[in-house]
Amino acid sequence: MRALNNDRQRGITLIELMVSITVGLILLSGIISIFVSNKQAYRLQESTNILNENARYALNQIQYDLRMGDHWGGVEASAISLETTVAITDDCAESPALTPIGFIGFEGAATAPLSCVPASDYQPNTDMLIIRYGQPERVWSEDIVTSADIYLRTAIGRRAAIFQGTALAALDADIQADTPYPVHPATGTDTEFTNYRFKTAVYFIRKCASQDFGTPNVCDAADDTTPTLTRLVLSGTQLVEEDIIAGVEQMQITYGLLDESVDPPQIQYFDATTITTNSNWNRVTNVQISLVIRGEEYDATFTDTRTFNMYGGFPYTPVAADRSYRRKLFNFVVQIRNLTRA
């Protein structure tokens, strides 16, 4: 038999092995680089999508409350009385929670313009807005007599009263008398009056998204630095914080009055201080709101040096430490339906 050729049994040399490993590493490095790049692009795109979704949610929340603002169940605000003395925990002294004023705004400043918002929580130079109304769902009298919540009781076309559920029986006779109509669906009895839950919402920008570290319920050095659109909502006899959307860096609001001295009539917008000085809150027909919202992803390759021109002529430039976040300016206008109809 023919002898085997030993040259064909040698395999590969060390040099060939090292070359093949090097080429493989180069190819693997390229694949990893493409994967990392695509993943980063996906995360940035996802952050942008979340940013837009957050903006829609924030606008929906504010718009709903503004459109409901000054709803008193068929009576004028001037015909509403506070029937029982109710102490609201951490109330806003500048505009108490149980005042029958549909909405009122406050200009941003270096410190919080409302005492009900802790100084440690307030994002400087951001506007604030308080909205009040009777919620649209009817509440039967027999269902609230043991409740500590606050209600609005309305006699359409006559007057209304703000009261605590447990004080229903102590209301004045003209807002208390029973008649056969309308009736409770279960027991067949109720009054001629309509009850609504009384809502107060105080919108502001908080300095942090989480208050779980450091001092509880306070933004401090142990918490993050993500500004968050927040509102204080009346629950029972206290105002409690509700987080709406994280990443809202700035909020500016102006208020529109119909100027009928020109032809055709036009809406002119003013800041909260001007409206307060001229006692024109009951004449506001439109509200303009500007929000600057940033994404969740920090992009070290990106620097945002833009200045955003917000409603009211307010220029906003992100601080240097936060310029690697992508952000957008959202402007919207809401008609105050209940004041417009009035």
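A pocket is an open set of points, on a 1 Å grid over the protein atoms alone, where a 1.4 Å probe fits, with protein on both sides within 12 Å along at least five of seven lines; its lining residues have an atom within 4 Å of a point. This is a predicted model, in which local features need pLDDT of at least 70 and side-chain atom pairs count only at pLDDT 80 or more, while totals for linings use all residues. Residues are numbered from 1 along each chain.

**Exercise 1.** Describe the largest pocket and its lining.

*Step 1.* The space in the largest pocket is about 430 Å³, a volume being the space filled by probe spheres set on the grid points.

*Step 2.* Its lining comprises 20 residues, with D70, W72, E76, A77 and L339 nearest the centre.

*Step 3.* Two elements, β2 (103-106) and α3 (337-341), each give two or more residues to this lining; α3 gives the most, namely three. Helices (H or I, at least four residues) and strands (E, at least two) are DSSP runs.

**Exercise 2.** Determine the strand order and pairing of the four-stranded open sheet.

*Step 1.* The order is β10-β9-β11-β14, and the pairing is antiparallel; two strands pair if DSSP finds at least two bridges between them.

*Step 2.* β10 (266-270) and β14 (325-335) are the edge strands, each pairing on one side only.

*Step 3.* Five bridges join β9 (residues 248-259) to β10 in the antiparallel sense.

Definitions and conventions:
Side-chain values use heavy atoms; hydrogens and water are left out.
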